[in-house]
Amino acid sequence: MTEHSHPTAGVYLRVAAVLVILTVLEVGVFYVPAFHPVLVPVLVVLSAAKFTLVVMFYMHLKADSRVFTFLFGAPLLLAAVVMVALLFLLLGALTLRGAAGAG
Amino acid sequence: MKSWLTTTDHKRIGLLYFWTAFSFFLIGGVEALFIRAQLAQPNGHLVTAETYNQLFTMHGTTMVFLALMPLSASFFNYIVPLQIGARDVAFPRLNAFSYWVFLLGGLFLNASWLVGPLFHAGRLNVAPDGGWFGYANLTERQFSPGPNIDFWLLGLQILGISSLAAGFNFIVTILNLRAPGMKMMRVPVFTWMTLVTQFLVITAFPVITVGLVFLMFDRFFGTHFYVSQSGATPILWQHLFWLFGHPEVYILILPAMGIVSDVLPTFARKPLFGYTVVVYSGVLIGFMGWGVWSHHMFSVGLGPIADSVFSATTMLIAVPTGVKIFNWIATLWGGDIRGTTALHFAVGFIAMFIIGGLSGVTHASPPTDLQQTDTYYVVAHIHYVLFGGTIMGLFAGIYYWWPKMTGRLLSETLGKWHFWLQFVGMNVAFFPMHLIGLLGMPRRVYTYAPELGVSDLNLLSTIGAFLIALSILVFVVNLLRSRTHGQRAGNDPWGGATLEWSIPSPPPVYNFSVIPTVANRLPRWKTEHHEPMRDPPAAPPGPIHVPGGSWWPMLAAFGLPILALAPLTHTLWLAFVGAAVLLAGIFLWAFEPFEV
Amino acid sequence: MTTHATHTSLGLDNRKMAFWAFIGSECLLFTSLISTYLVYKGKSVVGPYPHEILNIPFTSVSTFDLLMSSLMMVLALAAVQRGDMKWGKIWLFSTALLGLVFLGGQVIEFTEFVHKGLTLQTNLFGCTFFVLTGTHGAHVTVGVLWLLTLWVRALQGKLTSAHATTVEISGLYWHFVDVVWIVIFTVVYLIQ
């Protein structure tokens, strides 16, 4: 098996600390009314950051082969696009035409 | 016998897939014959409306999931490792698991024809009857109270697991088990198309899995995923189904395209024209196949923006397909053509797929599609691409690779009879359907009135269907006779360019006595750039380890239908038994000493 | 479970490659569930509604628990990789334990909701919430089982640094399940 330098426990602990901070921020944004206008974008950014940290460092994708990044990234991208498309198709239709006989 | 039950050898699994899938193909064909017999005349009463609904549902479901996909899988299994110079797939026991799950899923689904009395149905057959696409909310418990749809959704879930497992297996096999020197751009097109297909499988099947889970929860646990009164919409089912369903049709056609891409060069004695472009087109079709699903929903009322977007993407996807067709024709052009049966089927594929593709392009326009949808015009399109396309392609593969798999050639004489009867039969059966549809006959109706004016065309179509049946009979005779009377094939009956022709027919259990090192795309041919490779020696230089068999994949596989029986029969403890069997199989499998 | 050193075209471990493909596939599974949740959000005809029933403080603790379990998991892997089976066992067990705590939290939460009148059948929120989080919970359960199995093997002395890849793959699964929760926590609980 190819050996690449494994992160030290220190890296893992620092990542864990950042994850905790990000979670605290997320919950904070939820509770502080002043942030409500930007709630969604801020939460999306924060959780995307957590997602990325876990995938890159805990799942070691940053240091591992690009093949793995493709095997995970391509379906992930596809999933994101499909989700956006579904939201447009099903929410758009429902709000434009009303609830009865959805579209 | 035991060795067949415990086999983990990709060649044996390939043969198991072949025989099982071909049997289901015959069953699906019989279902088609009943349908056509019923429709041969107006106001037909050969079968009841209820039975008719079961016939067309099972015909579609069987052909798609139990015949076409597994027939392709039999080639994935047998041929891909040979083409890449490997000794087996990456996970041989997972491979066996996929087969057993497929067999059990197919049996589960078809059991519904016979078990009506066990469900107090008052009839023998309680087969699925909601169409192969099972639209909600017809499939909800309110409108389909019997077990029919339960068989359908549970059967499909079981089959989905088989396909997913195979998907992961083949992706790793093709990416990671290639012989030295076998770069991706040297891999035969069939293997490339297999790879694209598996990516489609692993991304599309999870979506239908979720859709079916929602349906299952609605039917068994009283949820409302597709029930309008609760604020939900049945359109969600259509989206989830077609998000799977469109990639699924590319899953059905790409392998056949791959077969044709390998067959044509062999019998034109000329390399595939534009290999790189053909490969990229296949990859592009795979990606773009994800962007067109709502073209199955043009009559649902998605709105002008959605309709236009999907119309555009659908028209665009014709481009890489067209590119492939031109490349195939260019391959034949100026070649030294040998008119074997395999070549006949490959050329037939091109011609019939063009026709099916053209009717498909007419569907791409929402206004015209509004006239065509839910009529026999669509049935014509489907059958030109799936019968004229996939099935012809698969037969090309059978005539091409059967000698490799069995050591015996199929009869060319019987093969030509098979081809021409099938070719004429399919056009007589399916061409009139374009007209029947445009004249206004809807799909999925058990009969029609004489006033519609489609009686003669329907009769013609039925005659065509029986001609097809005759052609298949000829093929079966050919298949069975070849076992004793077929000419012995030797390593390379066709003068093939790719690695599978460098070893005996059938190959020894270890495939290659020495794993070859590959230097180019056409290793067995002499070209202006290189000499042909030396075939591996007849005997291996030393002992080659070949993994033994295992019972555990089959044991684990049995857990799934047992699990499925629990909701079907409203018996909770069966779920625990099924889970226990599955877990036991998995644990025993995980801890069994097994070296690849 | 051993693999002997066969030639691989990309120099990568077969099982690891298969597992990343599997994780890619799971992205589509969870996206379909999450998309359905989002599409049906606000469409329930009757209550209870999310804002009446979701308990953010409680769920924040669950989220924190799962994040910490991921930390334990990487520490378990690091220990196994360097052959330190004493800490390997400790961290493996801790990960599984935190997973069980998470599941316990789910059980408490679901029971609470049922008492407050939210069941699978009550409304669209009930359908989509329970199926989405239930599917995630089922994945956590499988993960706990997997980790406990590895822990038992380690107790039996049958898990060593030679099996580091097996532990790594179980880690990939565990982290993925955590990552899905990160998304669910945001989409279901925080964005109401």
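Predicted model: local features only at pLDDT ≥ 70, side-chain atom pairs only at ≥ 80, totals over all residues.
Residues are numbered from 1 along each chain as its sequence is written, and chains are lettered from A and ligands numbered from 1 in the order in which they are written. Local features need pLDDT of at least 70 and side-chain atom pairs count only at pLDDT 80 or more, while totals for chains, interfaces and linings use all residues; side-chain values use heavy atoms, with hydrogens and water left out.

**View 1. Chain A is built from three helices and zero strands.**
Its elements run α-α-α from the N terminus on. Helices (H or I, at least four residues) and strands (E, at least two) are DSSP runs, numbered from the N terminus. Of the 103 residues in chain A, 36% are buried. Buried means under 20% relative accessible area, exposed means over 50%, and partly exposed lies in between (1.4 Å probe, protein chains only). The accessible surface of chain A is about 5500 Å², and 77% of that surface belongs to carbon and sulfur atoms. Accessible areas come from the Shrake-Rupley method with a 1.4 Å probe, and for residues only the protein chains shown count as cover. Among contacts in chain A between residues at least 6 apart in sequence, 56% join residues at least 24 apart. A contact here means heavy atoms within 4.5 Å.

**View 2. Chain C holds six helices and zero strands.**
Read from the N terminus on, the elements of chain C are α-α-α-α-α-α. The C-alpha atoms of chain C fill a box of roughly 60 × 35 × 20 Å along the principal axes. Chain C has 192 residues, of which 63% are buried. For contacts in chain C with a separation of 6 or more, residues 24 or more positions apart account for 81%.

**View 3. Chain C meets chain A through 45 residues of chain C and 41 residues of chain A.**
The size of an interface is often given as the accessible area lost when the parts come together. Between chain C and chain A the buried area is about 3800 Å², and carbon and sulfur atoms give 83% of it. Buried area is the accessible area (1.4 Å probe) that two parts lose on being put together, summed over both. Trp20(C), Val39(C) and Leu190(C) supply 17% of the area that chain C buries against chain A, more than any other three residues. One salt bridge is found across this interface of chain C and chain A. That salt bridge joins the side chains of Lys16(C) and Asp64(A), at 3.0 Å from N to O. A salt bridge is a side-chain nitrogen of Lys or Arg within 4 Å of a carboxyl oxygen of Asp or Glu. On the side of chain C that touches chain A, α1 (14-39), α3 (56-81) and α6 (164-190) each supply at least two residues.

**View 4. Chain B touches chain A with 17 residues, which are in contact with twelve residues of chain A.**
Chain B and chain A bury about 1200 Å² between them, with 85% of it on carbon and sulfur atoms. The count of salt bridges between chain B and chain A is zero. Helices α6, α7 (235-268) and α9 (304-332) of chain B each supply at least two residues of the side that touches chain A. The largest share of that side, four residues, comes from α7(B).

**View 5. Arg219(B) lies in helix α6 (residues 189-221) of chain B.**
Arg219(B) counts as buried because its relative accessibility is 5%. The side chains of Arg219(B) and Asp150(B) are joined by a polar contact of 2.7 Å. A polar contact is a pair of N or O atoms within 3.5 Å; within protein, one must be able to donate a hydrogen and the other to accept it, and residues adjacent in sequence count only if both atoms are side-chain atoms. Leaving aside neighbours within four places in sequence, the residues in contact with Arg219(B) include Thr139(B), Glu140(B), Ser144(B), Ile149(B) and Leu153(B).

**View 6. Leu26(B) is part of helix α2 (residues 10-39) of chain B.**
Leu26(B) is partly exposed, with a relative accessible area of 37%. The C-alpha atoms of Leu26(B) and Leu394(B) are separated by 15 Å, while the two residues are 368 residues apart along the chain.
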